[in-house]
Amino acid sequence: MAEAATLPTSPRSQGYAKSDETSAAILGAALTAFGAHGFAGATTRGIAAEAGATLPSIAYHFGSKQGLYLACAEDIVAQYEQSAAALVAAGEIAIDARGDPDRCRSDLKRVLQMVLRIFAETESAQSRADFVAREMRERGPAFHILYQRLWQPGVAVAADLLAGAKGKHEAAESDRTEALMLISSLLAFNTGRDVSLEILGRNALDAEALALLDGTIDRFVDALTRD
């Protein structure tokens, strides 16, 4: 039987793929540059050089330096939203588990473990963490995107789950405070990764280290939600 002919890839589709690769390279370089130097300190010329792109390509894909900066924030938010959506779709986190303290407790542990794994990623996670930390500290052009779509809803979900795990139907200020402390503590394994690994006597956040931290999360949540 004759081998089926392979259709050639159209020049248009090749162009789209190349364009997507360029956009992704620029975005990755921008996250690193903005995280390290801030909006004012980073330059589009430096970002283009690091990405192996041209200045006109930044204008083509993102419009302007501020457009590129906001795209970095949108990319960070999308990464977290996709991770959370995957857990919901898999049935590992309920849309609404109020009235079921055990389910709320379990869901809270899974949410915190998800955040830990996002933080535990390598170079790309570090760039995102640096970007978010600087933006939250300096209140740059992307502050409201990150606050309204990342920090505020993230803390709200954790607070609701904390309250539900305690048998309450509504989160109080104390629940929001505890949720903020829980999520913020995980940053020790991102922005403070080198110090944390040194304290733990480890070289990397490998599977064994993550299992150890998962157990710690379990104990923290149980201590906060069980009488």
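Modeller: Let me begin with a list of partners. In this predicted model, the residues R105, L108, K109, L112, Q113, L116 and R117 of helix α5 meet L210, L213, D214, I217, D218, V221, D222 and T225 of helix α10. Sorted by class, the residues of this contact divide into seven nonpolar, two polar and six charged. Helix α10 covers residues 207-225, and it packs against α5 at an angle of about 140°, with the two axes 10 Å apart. The crossing in which α5 passes α10 is right-handed.

Helix α5 has another partner, helix α4. Here α4 comprises residues 65-89 and α5 comprises residues 101-119, and their axes come within 11 Å and cross at roughly 140°. An angle over 145 degrees would count as roughly antiparallel, and one from 65 to 115 as roughly perpendicular; α4 and α5 are therefore oblique to each other. The crossing of α4 and α5 is right-handed. On the α4 side the residues that take part are Q79, Y80, S83, A84 and L87, and they meet R110, M114, I118 and F119 on the α5 side. By class, this contact of α4 with α5 has six nonpolar, two polar and one charged residues.

One residue of that contact can be followed further. Q79, which is found in helix α4, has a relative accessibility of 17%, and because buried means under 20%, Q79 counts as buried. If residues up to four places away in sequence are not counted, Q79 touches I118, E121 and R128. Of these, I118 was already named among the α5 residues that meet α4.

Within α5 itself, a residue to look at is D107, whose place is in that helix. Its relative accessibility is 0%, so D107 counts as buried. Leaving aside the neighbours within four places in sequence, D107 is in contact with E92, I93, A94, A97 and L161. For one of these, I93, a distance can be given as well: I93 and D107 are 14 residues apart along the chain, and their C-alpha atoms are separated by 5.3 Å.

Helix α9 runs over residues 193-200, and its buried residues are R193, S196 and L197. These three cover an arc of only 95° around the axis, which puts them on the same side of α9. On the other side of α9, the residues D194, V195, E198 and I199 are exposed. After α9 comes G201, whose phi is positive, near 70°.

The secondary structure of the protein chain comes to 10 helices and zero strands, so that, read from the N terminus on, its elements run α-α-α-α-α-α-α-α-α-α. The chain has 227 residues, and buried residues make up 37% of them. Among the contacts with a separation of 6 or more, 64% are accounted for by residues 24 or more positions apart.

Note on methods: Residues numbered from 1 in each chain as written. Predicted model: local features only at pLDDT ≥ 70, side-chain atom pairs only at ≥ 80, totals over all residues. Heavy atoms only, no water. Axes fitted to C-alpha atoms, helices over the stretch in contact; angles between N-to-C directions. Helix = DSSP H or I, 4+ residues; strand = E, 2+ residues; numbered from the N terminus. Parallel < 35°, antiparallel > 145°, perpendicular 65-115°, else oblique. Left-handed = near helix turned anticlockwise from the far one by under 90°. Contact = heavy atoms within 4.5 Å. Nonpolar A, V, L, I, M, F, W, Y, C, P; charged D, E, K, R; others polar. Buried < 20%, exposed > 50% of the residue type's maximum accessible area, 1.4 Å probe, protein only. Arc of directions from axis to C-beta.
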